[in-house]
Amino acid sequence: EYFNDKAIEGAQKYTFNHDGVKFKFSTEENLNKFKSDPKKYIPQYGGWCAYAIADSDKRVSIDPETFQILDGKLYLFYNAFFTNTLNSWNKEGPEKLRIKADENWGKQIIRD
């Protein structure tokens with residue numbers, strides 16, 4: 001439901017495997033939307049924290065409830081232990097950080 005501005009846990013009965021990753025959805029309608037165009041809906045940077053990819057080129061786990069939709073793309077963020085990287089992302093400037101994250105993610109893909 002991220003694209004409806006809500007983080008809702010998906011149901012086991014609405015699952016779909018895409019590129020080796022299991023995605024769960026809260027409704028059959030959302031599952032079918034994803035199936036029709038997965039690239040439109042998959043999280044950026046493999047689902048890792050967008051801020052950490054930009055800031056330190058590291059893969060950091062996320063809080064699934066801390067996210068942002070920007071230019072039709074889903075970005076996820078770490079949020080625990082008094083650190084919400086979405087706040088840092090917004091404060092430092094998403095446009096600038098997205099460029100850096102894209103560069104760093106491209107390097108990670110080559111290293112993998």
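Let me begin with a definition: a residue is called buried under 20% relative accessible area, exposed over 50%, and partly exposed in between, using a 1.4 Å probe and protein chains only. The structure is a predicted model, in which local features need pLDDT of at least 70 and side-chain atom pairs count only at pLDDT 80 or more, while totals for chains, interfaces and linings use all residues. Residues are numbered from 1 along each chain as its sequence is written, and side-chain values use heavy atoms, with hydrogens and water left out.

I turn to backbone angles. Most residues other than glycine have a negative phi. D71, although not a glycine, has a positive phi of about 50°. D71 sits in the loop between β3 and β4, where strands (E, at least two residues) and helices (H or I, at least four) are DSSP runs numbered from the N terminus. With a relative accessible area of 61%, D71 is exposed. F81, also not a glycine, has a positive phi of about 50°. The place of F81 is the loop between β5 (79–80) and β6 (83–84), and at 72% relative accessibility F81 is exposed.

A11 has F25 of β2 as its bridge partner, and H18 stands opposite V21 in β2. There are 2 residues between the strands of this hairpin, and D19 takes a positive phi near 50°.

Now the aromatic rings. Rings of Phe, Tyr and Trp (for Trp, its six-membered ring) pair if their centres lie within 6.5 Å; planes under 30 degrees apart count as stacked, over 60 as edge-to-face, and the rest as tilted. The count is 9 aromatic pairs. For Y2 and F67, the ring centres are 4.7 Å apart and the planes stand at 70°, so this pair is edge-to-face. Y2 belongs to the segment before β1 (11–18) and F67 to strand β3 (residues 63–70), so the pair ties together parts that are 65 residues apart in sequence. F67 is buried, at 17% relative accessibility. F25 and F34 have ring centres 5.1 Å apart and planes at 45°, so their pair is tilted. F25 is buried at a relative accessible area of 10%, and F34 is buried at 2%. Ring pairs also link Y45, Y75, F77, W89 and W105 into a cluster.

Finally, the largest pocket. On a 1 Å grid over the protein atoms alone, a pocket is an open set of points where a 1.4 Å probe fits, with protein on both sides within 12 Å along at least five of seven lines; lining residues have an atom within 4 Å of a point. The volume of the largest pocket is about 1,000 Å³, taken as the space filled by probe spheres set on the points. Its lining holds 34 residues, of which Y2, F23, K24, P43 and L74 lie nearest the centre. At least two lining residues come from each of β2 (21–25), α1 (28–36), β3, β4 (73–77) and α5 (94–111), and β2 gives the most, with 5 residues.

Key:
Two strands pair if DSSP finds at least two bridges between them.
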